[in-house]
Amino acid sequence: MRKALLPSLVIIVASLLLIRIFFLQIVDDSFKLKSENNAIKIKYDYPERGYIYDRNGVLLVANQSSYDIMVIPRDMKKIDTLEFCSLLAITKEEFIKKIKKARVYSPMLPSVFLPQLNKLEYAAFQEKIRKFEGFYIQKRSLRDYQDNFGSNVFGFITQVNEKIIEKNPYYIGGDLIGKQGVEESYEIELRGQKGVKYILKDKFNREIGPYKEGKYDTISKQGQDLTLTLDAELQKYGEELMINKWGGIVAIEPKTGEILALVTAPSYDPGILVGRQRSKNYTFLYKDSIAKPLYDRGLLAEYPPGSPFKILTALVGLQEGVIDTETTFFCRRGFSYARGRFMKCHDSGASKLHNGIYNSCNTYFANVFMKTINKYKDPGVGVDVWAKHVKSFGLGDFMGSDLPTGKKGSIPTSKTYKKLYPAGGWRSTAIVSNAIGQGEILMTPIQLANMMATVANRGYYFTPHVIKKIEGKVIDKKFRTKHMTTIDKKNFEPVINGLYDVYNLGTARGLGAVGIEICGKTGTAENFLRVNGKRVKLQDHSIFVAFAPKDNPKIAIAVFVENGYWGARWAGPITTLMIEKYLNKKITRLDLEKKMLNGSLKSQYDKLRPKKVQDSLTLIKTKLLDSIAKIKREKDSINNKKLEKNIKIDSLKSRT
């Protein structure tokens with residue numbers, strides 16, 4: 001019995017292998033398609049990416065034709081490399097390098113030799129392509145931006161790398177994929193589905209027809225169009241206001257969480273990351289480690305929120321019952337909260353909730369914070385109760401927006417102070433700077449804007465998002481889910497009344513717009529930078545948060561201007577202008593507009609750069625502007641030729 005077992009196993013295994021080989025080679029023809037089969041040529045049909053529109057139906061991103069020169073190294077015959085290189089304006093060294101790279105990828109499969117030719121370059125090469133056997137042209141679609149704003153929201157498209165190909169079998173060498181912004185978040189919807197054709201070749205490498213009569217061919221499916229929540233006019237206006245300033249603007253519709261504007265500054269024209277100059281232009285943007293134009297400050301920059309955080313200090317104090325609207329604290333240009341410790345304040349006299357808010361009295365809010373923590377015998381418990389209330393506004397964690405990037409910010413808890421004070425003994429006086437948005441608190445501009453949307457709604461918010469509609473689909477349920485805070489609705493009204501008088505009686509006097517009831521809060525945050533290991537004090541940041549109108553609010557906004565001195569100097573006027581632009585579609589505060597459009601903080605930012613770096617960046621910027629001008633000239637040339645062609649066609653029609 002045992003002697004028969006081994007031969008039986010060998011026979012069974014051999015039989016199974018033979019059956020599998022028979023199935024793969026005779027029954028299942030698709031195996032041939034998956035292997036590098038010399039007799040079959042694979043052609044891909046790439047669909048157009050979906051268009052992108054703003055909330056009002058304004059076209060933001062369309063497509064333009066682009067052409068890649070593809071090469072199959074094994075099919076290459078003797079070609080005139082001098083003529084080839086001259087035609088495409090490349091060197092012989094570049095030619096050799098690209099062919100070597102293609103051979104490494106696969107000698108028998110097509111790979112991109114030169115990507116993203118424009119129509120003029122394509123026409124010149126197409127005329128002589130018969131001379132260059134082994135090369136062919138693959139038509140694709142590149143993005144065509146209708147204006148020069150919104151680069152941080154849109155993102156860009158780029159070629160896939162080996163890691164992406166290994167991770168996702170849909171992509172092959174030369175394919176394009178969305179990176180950053182909605183291009184990345186909604187890649188699957190936007191890209192569509194590419195079509196595939198399998199062409200049979202004879203022994204002379206000539207195409208003789210579809211393989212298996214097209215049994216395995218697939219048709220391409222166009223990408224889905226997206227409608228964004230952005231207001232194109234507001235986005236563009238915000239970017240104009242932030243020229244020669246660094247920072248971010250985030251505007252949200254409170255009732256829905258829809259992002260109306262998401263501005264980061266400095267930014268760039270999205271058109272420069274299209275075409276053959278994309279790589280060079282991207283490298284320039286990437287290497288600017290000081291201004292960081294690729295860094296979306298609205299989502300990623302974590303700042304001390306400063307005085308706008310006093311709104312939450314007040315709300316938590318009311319909810320915890322440690323104050324009411326009549327609770328009074330006396331300010332003497334500051335607050336002595338411990339031996340040798342004094343918190344400065346620009347206010348003086350008796351402060352209650354109402355005037356404490358519109359005058360932004362540090363003394364008032366420091367006392368409220370300490371009373372909140374001191375309500376509990378253990379300050380650790382007090383801090384955790386305070387943190388729970390604050391985090392219910394979406395702080396201290398990722399916002400969960402539909403953009404592929406973000407930061408959590410920081411809301412300290414008892415764990416934070418156990419690490420900072422391992423010996424214990426800390427009390428509310430040690431952490432009182434949290435009361436005024438300093439200390440261990442960090443927030444991003446989108447978190448500040450969402451905080452104001454929550455206050456505007458009297459206690460709830462929807463997760464901020466940029467998608468309004470996807471063709472043929474319903475948007476994610478999480479963007480339609482209401483999030484409630486731990487603060488009772490009744491506690492919001494007295495705080496909102498104080499915010500309303502910031503414009504009438506307080507720190508934003510003179511910044512109002514006729515006919516609009518704006519509730520806002522100025523902010524100034526200290527700004528430090530580590531230079532050679534030392535903490536150096538720089539010019540303070542300018543912050544402003546607001547919503548309008550006071551009742552039935554339509555917009556909540558946060559503006560952050562780096563090195564902008566104080567809240568009402570830069571961030572305040574920009575906030576007013578953005579609100580007026582959105583609600584009234586026109587500007588009456590022309591004095592503020594002129595000042596903001598012409599104003600510059602470049603001298604502040606130049607202090608952060610060595611002189612040699614400034615000169616180098618000026619030179620590179622000039623080249624970049626030349627590159628943008630060249631792209632526009634080529635576009636105009638193509639459009640003019642189209643126009644001339646249409647005129648000739650119309651002329652011929654009229655003759656006949």
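## Positive surface patch

Helices, here, are DSSP runs of H or I with at least four residues, numbered from the N terminus. In this predicted model, helix α17, which covers residues 414-420, gives the most to a patch of positive charge, contributing three residues. The patch lies on the surface and gathers Lys391, Lys408, Lys415, Lys418 and Lys419.

Of these, Lys408 is found in the loop between α16 (379-391) and α17.

Helix α20 (residues 571-584), with 14 residues, reaches 20 Å from its first C-alpha to its last, close to the 20 Å expected. Twelve of those 14 residues are buried, so α20 is largely enclosed by the rest of the structure; among them are the charged residues Glu580 and Lys581, along with Ala571, Gly572 and Pro573. Just after α20, Lys585 takes a positive phi of about 65°.

## Salt bridges

Side chains of opposite charge can pair when their charged atoms come close. The count in this model comes to 22 salt bridges. In one of these, Glu253 pairs with Arg55, the closest N and O atoms being 3.6 Å apart; Glu253 belongs to strand β11 (residues 247-253) and Arg55 to the loop between β2 (52-53) and β3 (59-71), so that the pair links distant parts of the chain, 198 residues apart. Both Glu253 and Arg55 are buried.

Asp175 forms a salt bridge with Arg140, with 3.7 Å between the closest N and O atoms. Since Asp175 lies in the loop between α7 (162-167) and β7 (176-179), and Arg140 in strand β5 (residues 135-145), this pair ties together parts that are 35 residues apart in sequence. Asp175 and Arg140 are both buried. For Glu258 and Lys468, the closest N and O atoms of the salt bridge are 3.1 Å apart; with Glu258 in strand β12 (residues 258-265) and Lys468 in strand β16 (residues 467-470), the pair ties together parts 210 residues apart in sequence. Here Glu258 is buried, at a relative accessible area of 9%, whereas Lys468 is partly exposed, at 33%. Salt bridges that share partners also join Arg49, Arg143, Glu183 and Glu187 into one network.

Conventions:
Residues are numbered from 1 along each chain as its sequence is written. This is a predicted model: local features need pLDDT of at least 70, side-chain atom pairs count only at pLDDT 80 or more; totals for chains, interfaces and linings use all residues. Side-chain values use heavy atoms; hydrogens and water are left out. Patches are made of residues with over 30% relative accessible area and no salt bridge: like charges are joined within 9 Å, nonpolar side chains (Val, Leu, Ile, Met, Phe, Trp, Tyr) within 5 Å. Accessible areas come from the Shrake-Rupley method with a 1.4 Å probe; for residues, only the protein chains shown count as cover. A salt bridge is a side-chain nitrogen of Lys or Arg within 4 Å of a carboxyl oxygen of Asp or Glu. The place of a charge is taken as NZ of Lys, CZ of Arg, CG of Asp or CD of Glu. Helices (H or I, at least four residues) and strands (E, at least two) are DSSP runs, numbered from the N terminus. The expected span of a helix is 1.5 Å times one less than its number of residues. Buried means under 20% relative accessible area, exposed over 50%, partly exposed in between (1.4 Å probe, protein chains only).
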